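Hi,

Here is the structure I promised to pass along. Have a look, and below it you will find my notes.

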Amino acid sequence: MTYAHRKDIYDADTHMMEHPNWIYDFASEDIKEHLEPIVEGDKEVFERIDKAIANFENRQSSSTAMEQAKKEFMTWNHKGWEGLGAFNAEERKLANDLLGFKAHIVFPTSAFDQVLAAKEQKIILGGVEALNKGMATFCSIDKRMHGAAYIPFAYGEDIAMKFLQQAIKDGFSVIMIDTIAPKGAKASTHPDFDKVWREIEANDIAITLHVGADNSWDPVPLSFYNNGGTVPPHKEGDAPRDALAYMGISYCAELFLASMIFDGVFNRFPNLRVGVVELGASWIISWMKHLDQSFRAFRRLQDLSQVELLPSEYVQKHIKVTAFPGEDIGWLLNNGAADLMMFASDYPHHEGTDDPIKRFEQTMSEVSEENKTKFYSENFIKLLGSHI
């Protein structure tokens, strides 16, 4: 029996959990010694990873241990590196069978941080090359997995194009990009990037934004914590540090998407599709209203001639969004976001909880079967296009 409660579920957010030596299997010799350690070399996290690797090895040699892990694979004890198939592709295929979803988008986790922590551009770009190569290898074991190749826009359109063309050659159907350009870099909506968007559109590639890929994992200025208390510690990974930081989790994505609309990228490339992943969804309806109001307020004060539709119409046409388990997906589906929402388990991350389906379903008692189908399958299929 699978975890899935229906046969038509597609999962827009899963992860691989790279172990400390993973990136070195795919990196060229000239950059290996220059890469930063994974998880910033945190000894406690390394101990947890070592334990997870030992438990994995035990499962491979003990049918009893494997059967127990299969029974408990969605529980809290089997999240993170302890997840079934967290870092081993063959075991991940088994986990996919147990989940019962028809397809998955797969994102990197700690190796992504590790690569971007490098001090030199050459090392970062070499690390990105290794990251994408490793993702392609991990996902090649199971056609249900659609790995996300990271395409760095920060170094200009020629480098972005080089990585994009390699991703296409390697069979990627999904790419992940940054939401905020670093200081001094061109915005992603600069006309110089049109050739990149054109190549993405021509190859029917799905674009994704993901928490952590925004140059601002702490969206709240730390001055807000100068409040007589202490700054909450930032746990490893891309989760917000606290409730205040959670309030800003979608902020960078909102700005990026608004710029894609106001700067005419969606108008010039009408078949681009963007998935907004692990950035929450409760903001999407009011944000569409805010977009339209901004357009009305400024269309006579600046050149917005490239915006030929109402901004919210571009959202409905080009954008899909995942919700966190616990958000009121029923309200969203019934109040204007039915064509936007996608199911996401975040497997094997803890943020996905031990039962995301139950948490979504608890809010969906008044949702029509038509809108449930959009949430669990149709919107994902539209995002992936011809690659599904």
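**Salt bridges**

D142 and R144 are joined side chain to side chain by a salt bridge, with 2.8 Å from N to O; the term means a side-chain nitrogen of Lys or Arg within 4 Å of a carboxyl oxygen of Asp or Glu. D142 is buried at 4% relative accessible area, and R144 is buried too, at 18% (buried is under 20%, exposed over 50%, partly exposed in between, with a 1.4 Å probe and protein chains only).

Before you go further: this is a predicted model, where local features need pLDDT of at least 70 and side-chain atom pairs count only at pLDDT 80 or more, while totals for chains, interfaces and linings use all residues. Residues are numbered from 1 along each chain as its sequence is written, and side-chain values use heavy atoms, leaving out hydrogens and water.

The count of salt bridges is 17. In one of them, D30 pairs with K122, their closest N and O atoms 3.8 Å apart. That pair links distant parts of the chain, 92 residues apart, with D30 in helix α1 and K122 in helix α6 (helices are DSSP runs of H or I, at least four residues, numbered from the N terminus). D30 is partly exposed at 43%, whereas K122 is exposed at 52%.

D192 and K186 form another salt bridge, at 2.6 Å between the closest N and O atoms. D192 is partly exposed, at 33%, and K186 is partly exposed, at 33%. Finally, a network of salt bridges links R6, D8 and E369.

Happy exploring!

How values were computed:
Helix = DSSP H or I, 4+ residues; strand = E, 2+ residues; numbered from the N terminus.
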